[in-house]
Amino acid sequence: MRFATFNVNSIRARQDIVLNWLKKETPDVLAVQETKVQDKDFPLSGFDGSGYNCVYKGQKSYNGVAVFSKQRPQQVSYGFREEPKDEARLIKAKIGKVWVVNTYVPQGRDVESEHFRYKLDWLGRLKKFFEENFDKNDPVVWLGDFNTARDERDVYDPEGLRGHVCFNEQLSKALEGVIGWGFFDLFRHFYEQGECYSFWDYRMRGALKANRGWRLDYIMVTKPLLDAAKDCYIDRTPRLLKKPSDHTPIVAEFDL
DNA sequence: ATGGTCGGCAACCGA
């Protein structure tokens, strides 16, 4: 079984890239973020005949998450139980025997802004969400765009970028708190070296070519799935196409 | 090469 995550930066602008990628890679599950579309305008018919089910929750212009799966998703829910629910940032579903949690963590804008405080609180609420909904021995895959570089290996310039809204001490603590509930960073489990990124900023000229990137997208798994994991890799090929997203997919493979 | 980041959405905001 294979699971993947991909921040598409608009599902409508990237529909063909996603379709072609699903056809070529054939994951069992693909979690996407930043669909940037309200539910009534989601391009569902574009995926007819792809062999994938799709559940999604979006809003006008910003955010939005979706899960594509070969098997029909069960017990689907959106957002947190309490306000603000943030439905366009979180989907939970059971696919086969595995619980899938797809998150688009708030970016935070600036460490001095109220949005950064919201990001930290959001991660605190997410930890509570896992505590309430699961046992750490349940098979849970938590994946998505976390808008967080865990450590210096996950950014192209750790000295220069320390303190950035996606790379700072407070944020690391908040994310490590969620991970500490019972998750393992699957890419990091298989590969210890740095300079393996999932995001290259559009605004930085030649960022991809010079590999000035960030690892912001993750596949986290609980212990039973860690034991079943075979590999986890970053697929840069969609980032090399015309009109690419600024992110690229992460894929995890399991003996399930 | 006559532009230099994108996407959404209709002026500028968010990433």
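Which residue in β10 is the bridge partner of Val141? That would be Val221.

## Before you read on

This is a predicted model, so to speak: local features need pLDDT of at least 70, side-chain atom pairs count only at pLDDT 80 or more, and totals for chains, interfaces and linings use all residues. Residues are numbered from 1 along each chain as its sequence is written, while chains are lettered from A and ligands numbered from 1 in the order in which they are written.

Strands here are DSSP runs of E with at least two residues, helices are runs of H or I with at least four, and both are numbered from the N terminus. Two strands pair if DSSP finds at least two bridges between them.

Strand β8 (residues 140–145) is mostly covered, with six of its six residues buried. Buried means 20 or more other C-beta atoms within 10 Å of the residue's own; 12 or fewer is exposed, anything in between is partly exposed, and the C-beta atoms are placed from the backbone. β8 runs parallel to β7 (residues 98–104), joined by six bridges, and Thr103 has Gly144 as its bridge partner in β8. To get from β7 to β8 the chain goes through helix α2 (residues 114–133), and this β-α-β crossover is right-handed (clockwise from the first strand over the helix to the second, with the strands pointing away from the viewer). With β10 (residues 217–221), β8 pairs in the antiparallel sense over five bridges. β10 also runs antiparallel to β9, over two bridges, and there Asp185 is partnered with Met220.

## The other sheet

Another open, mixed sheet has six strands in the order β3-β4-β2-β1-β12-β11. Its edge strands are β3 (53–57) and β11 (229–234). Inside it, β1 (residues 2–7) and β2 (residues 29–33) run parallel with five bridges, one of them involving Phe3, whose partner in β2 is Val29.

## A two-sided helix

In helix α4 (residues 169–179), Leu171, Ala174, Leu175 and Val178 are buried. Why do they end up on the same side of α4? Because they cover an arc of only 90 degrees around the axis, taking the directions from the helix axis to the C-beta atoms. Glu169 and Lys173, on the other side of α4, are exposed.

Most residues other than glycine have a negative phi, and most peptide bonds are trans. Glu34, in the loop between β2 and β3, has a positive phi of about 55 degrees, and it counts as buried because it has 25 C-beta neighbours inside 10 Å. Asn147 has a phi near 45 degrees and is found in the loop between β8 and α3 (158–161). The peptide bond from Glu83 to Pro84 is cis, with omega near -10 degrees; Pro84 is in the loop between β5 and β6 (90–95).

## Around the DNA

DNA strand B is surrounded by 13 residues, the closest being Ser10, Arg12, Ala13, Lys36 and Tyr202. A residue is near if its C-beta atom, placed from the backbone, lies within 6 Å.
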